[in-house]
Amino acid sequence: MIVGLNRIVDWIENIFVTMLILTATVVAIVQVIARYVFNNSLYWSEELILYSLITMSFLTMGMGVRYASHISVEAIYAVAGPRTARALQIGAGCLGLIFASMLIYYGTTLSLNTMRMGQLSPAMRVPVGYVYLIIPVSGTFMALRYLLILQSYLTGRDYDAPQVDIKTS
């Protein structure tokens, strides 16, 4: 079940990150053209680009867990024995799961409180609570990824992160 959910989350992350990069790029180019060619800038463009980059950053945290690209101290595993290394890997996965759970809890609280106050973004006038929803969503994606990793470790297997070739993917 976790593997199937992981595939769905992969698809969602890939689509949204691609769309956010495309949106930020196109809006930035249109803003430059509007400012220097037509001498009239888009007042909302910087805010949209900023929210796109922030959202993309939060979404890629789960991808970092999936592809094992977050910073870690690999030297400890080489020095420790196999049982100690496995215990450290499980401990690191549990700490990551705790962190993801905190993102879900506090991100949801922040988002709901901000929606309740009715705060709007300065330029686009969208409720900021909706922007903050990316925090618990990314925490959920991270938690799913940490559960996948812990499932591998607890069943006695090593977690093999997928290898990505930047030229073909």
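**Exercise 1. Which residues make the nonpolar surface patch of about 590 Å²?**

Solution. The model is predicted, so local features need pLDDT of at least 70, side-chain atom pairs count only at pLDDT 80 or more, and totals for chains, interfaces and linings use all residues. Residues are numbered from 1 along each chain as its sequence is written, and side-chain values use heavy atoms, with hydrogens and water left out.

Step 1: the patch is made by W11, I15, M19, L22, V26 and V30, where patch residues have over 30% relative accessible area and no salt bridge, nonpolar side chains (Val, Leu, Ile, Met, Phe, Trp, Tyr) being joined within 5 Å and like charges within 9 Å.

Step 2: M19, one of these residues, is found in helix 1, residues 2-36 (a DSSP run of H or I, at least four residues).

**Exercise 2. Decide whether M19 and S45 are buried, partly exposed or exposed.**

Solution. Step 1: buried means under 20% relative accessible area, exposed over 50%, and partly exposed in between (1.4 Å probe, protein chains only).

Step 2: M19 has a relative accessible area of 46% and is therefore partly exposed.

Step 3: S45, whose place is in helix 2, has a relative accessible area of 0% and is therefore buried.

**Exercise 3. Relate the sequence separation of S45 and L5 to their distance in space.**

Solution. S45 and L5 are 40 residues apart in sequence, and their C-alpha atoms are 34 Å apart in space.

Conventions
Areas by Shrake-Rupley, 256 points an atom, 1.4 Å probe, with all protein chains shown as cover. Salt bridge = Lys/Arg side-chain N within 4 Å of Asp/Glu carboxyl O. Helix = DSSP H or I, 4+ residues; strand = E, 2+ residues; numbered from the N terminus.
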